[in-house]
Amino acid sequence: MDTTRTAPGTLIREWRTRRRMSQLDLALEAEISQRHLSFMESGRASPSREMVLRLAEHLAVPLRQRNHLLMAAGFAPSYGESDLADPRLKPALAAVELVLKGHEPYPAIAVDRGWNMVLANAATAPFLEGVADADLLRPPVNVLRLALHPQGLAPRILNLDEWRAHLIGRLRQQIDATADARLVALEKELTAYPGRPVAPGSARDAAEAIAVPMRVDMDGAVLSFITTITIFGTPLDVTLSELAIESFFPADEETAGHLHRLAGVRR
């Protein structure tokens with residue numbers, strides 16, 4: 001959808017619907033009258049630049065889409081979008097590298113908004129060995145495609161249906177938040193791969209359901225991981241706001257011991 005040709009009020013209403021906020025709730029949070037918000041959504045009133053940014057803040061609109069809202073309202077974008085090679089991002093990327101290195105001997109990766117791998121630590125390399133389709137490892141490496149493709153990591157993921165449901169669920173949440181056409185295409189591709197539709201956590205005993213693990217067969221050893229996602233807290237650049245670090249933590253002592261031994265062999 002060309003958001004620059006969509007009325008700003010329509011976009012505000014769409015974001016409010018996505019966030020499941022009533023008109024009254026948004027008006028109260030933004031400290032404006034419900035009538036004024038209604039007039040903006042219907043097109044009877046035009047929002048100022050400051051009003052667009054205020055509503056976007058309370059709707060938790062991502063920076064890229066905030067720029068779209070501004071342009072739809074006739075204003076210039078407020079947030080820059082830098083190339084990863086831009087010197088201005090060097091301190092941020094150095095911080096990412098520090099986090100990745102510090103997480104060793106456990107795997108960690110950094111991905112962009114399309115789930116393409118930007119950086120990875122040394123502990124990630126052993127998990128990429130033996131991938132049947134070398135094209136999956138050619139940059140840009142899409143980590144969702146790599147994980148779920150039948151010739152990628154999928155044959156080694158022991159709880160593939162559960163992990164597949166988890167990853168696709170995360171992707172759908174991102175699509176709901178951004179309406180990104182490329183992510184929609186990626187979801188269509190991933191859901192076409194072999195696998196059974198499984199509700200996240202449905203096959204797991206409630207007593208141990210603290211997180212969905214990824215269980216991987218690595219040369220006969222069963223490794224189990226839980227993951228965390230880290231993002232920059234106060235980004236003002238679109239590219240930086242869309243950068244995320246996924247860190248894999250051992251879910252049991254056997255996995256931790258195996259990774260420490262593997263790191264010793266690498267040294």
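These legends describe close-up views of a predicted model.

**View 1. The hairpin of β1 and β2.** Strand β1 covers residues 108–111, and strand β2 covers residues 117–120. The two strands pair in the antiparallel sense, over three bridges. A110 has L119 in β2 as its bridge partner. Five residues sit between the strands.

**View 2. The buried face of helix α3.** Helix α3 runs over residues 34–42, and its buried residues are L37, M40 and E41. Seen down the helix axis, these residues fall within an arc of 95 degrees, so they line one face of α3. Their cover includes α1 (8–18), α2 (23–30) and α4 (49–58). Just after α3, G43 takes a positive phi of about 90 degrees.

**View 3. The aromatic cluster of F127, F225 and F248.** The model has two aromatic pairs. F127 and F225 form an edge-to-face pair, 5.7 Å centre to centre, with 75 degrees between the planes. F127 lies in helix α7 (residues 125–128) and F225 in strand β4 (residues 221–231), so this pair ties together parts 98 residues apart in sequence. F127 is buried, at a relative accessible area of 9%. F225 is buried too, at 1%. The rings of F225 and F248 have centres 6.1 Å apart and planes at 90 degrees, so this pair is edge-to-face. F248 belongs to strand β5 (residues 244–250), 23 residues from F225 in strand β4. F248 is also buried.

**View 4. Arginines over aromatic rings.** R18 lies over the face of W15, 4.3 Å from the ring centre. The charged end of R44 sits over the ring of F39, 4.0 Å from its centre.

Note on methods:
Residues numbered from 1 in each chain as written. Predicted model: local features only at pLDDT ≥ 70, side-chain atom pairs only at ≥ 80, totals over all residues. Heavy atoms only, no water. Pairing = 2+ DSSP bridges. Helix = DSSP H or I, 4+ residues; strand = E, 2+ residues; numbered from the N terminus. Buried < 20%, exposed > 50% of the residue type's maximum accessible area, 1.4 Å probe, protein only. Arc of directions from axis to C-beta. Contact = heavy atoms within 4.5 Å. Phe/Tyr/Trp six-rings, centres within 6.5 Å; stacked < 30°, edge-to-face > 60°. Lys NZ or Arg CZ within 6 Å of the ring centre and 35° of its normal.
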